[in-house]
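Please look at the sequence and the model below before reading on.

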Amino acid sequence: YKEVYDMDSGRRLGYVRDAEIDPATGKVTALIIPGRLKWLGLLGREPETVIPWERIQRMGEDIIFLKG
């Protein structure tokens with residue numbers, strides 16, 4: 001449950017809720033951030049954001065920074 005920031009735009013993207021794993025190698029291939037709620041959740045959510053593992057620049061205890 002780490003918070004993700006895009007270093008290029010300075011934007012907060014949200015919190016990691018899931019990960020994609022390659023079943024052949026067991027390695028993480030992407031992180032998944034759920035979409036933001038639309039109008040207090042009454043209109044559903046925006047699409048989820050899938051971040052390829054290669055975009056991760058730095059990972060701390062509770063924060064992840066992405067590179068372009």
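## Salt bridges

Glu 3 is buried, with a relative accessible area of 16%; buried means under 20% relative accessible area, exposed means over 50%, and partly exposed lies in between, all with a 1.4 Å probe and protein chains only. The side chain of Glu 3 meets that of Arg 12 in a salt bridge, at 2.4 Å from N to O. Here a salt bridge is a side-chain nitrogen of Lys or Arg within 4 Å of a carboxyl oxygen of Asp or Glu. Arg 12 is partly exposed, with a relative accessible area of 31%. This is a predicted model, in which local features need pLDDT of at least 70 and side-chain atom pairs count only at pLDDT 80 or more, while totals for chains, interfaces and linings use all residues. Residues are numbered from 1 along each chain as its sequence is written, and side-chain values use heavy atoms, with hydrogens and water left out.

A search of the whole structure finds two salt bridges. Asp 6 and Arg 55 also meet through their side chains in a salt bridge, at 3.4 Å from N to O. Asp 6 lies in strand β1 (residues 3-6) and Arg 55 in the loop between β5 and β6 (56-59), so this pair ties together parts that are 49 residues apart in sequence. Asp 6 counts as buried at 13% relative accessibility, and Arg 55 as partly exposed at 23%. Side chains of opposite charge can pair when their charged atoms come close.

## The sheet of four strands

Strands are DSSP runs (E, at least two residues), numbered from the N terminus, and two strands pair if DSSP finds at least two bridges between them. An open sheet of four strands has the order β2-β1-β7-β6, and its pairing is mixed. Because β2 (12-15) and β6 stand at the edges with a single partner strand each, one side of each is left without a neighbour in the sheet. On average, neighbouring strands of this sheet are turned by 20° against each other, direction ignored; the axes are lines fitted to C-alpha atoms, and angles run from 0 to 180 degrees between N-to-C directions.

Three bridges join β1 and β2 in the antiparallel sense. Val 4 stands opposite Gly 14 in β2.

## The sheet of three strands

An open sheet of three strands runs in the order β3-β4-β5, with antiparallel pairing. β3 (18-21) and β5 (49-52) are at its edges, each with a single partner strand, so one side of each has no neighbour in the sheet. The twist averages 25° from one strand to the next.

β3 and β4 (residues 28-33) run antiparallel and are joined by four bridges. Glu 20 stands opposite Ala 30 in β4, and Ile 21 has Val 28 in β4 as its bridge partner. The hairpin of β3 and β4 has six residues between the strands, and Gly 26 takes a positive phi near 80° there.

## The nonpolar core

A nonpolar core is a set of buried Ala, Val, Leu, Ile, Met, Phe, Trp, Tyr and Cys residues joined through side-chain atoms within 4.5 Å. The largest one has nine residues: Val 4, Leu 13, Val 16, Leu 31, Ile 33, Ile 51, Ile 56, Ile 64 and Leu 66. β4 and β7 (63-66) each supply at least two residues of this core.

Leaving aside its neighbours within four places in sequence, Ile 56 is in contact with Leu 31, Ile 64, Phe 65, Leu 66 and Lys 67, where contact means heavy atoms within 4.5 Å.
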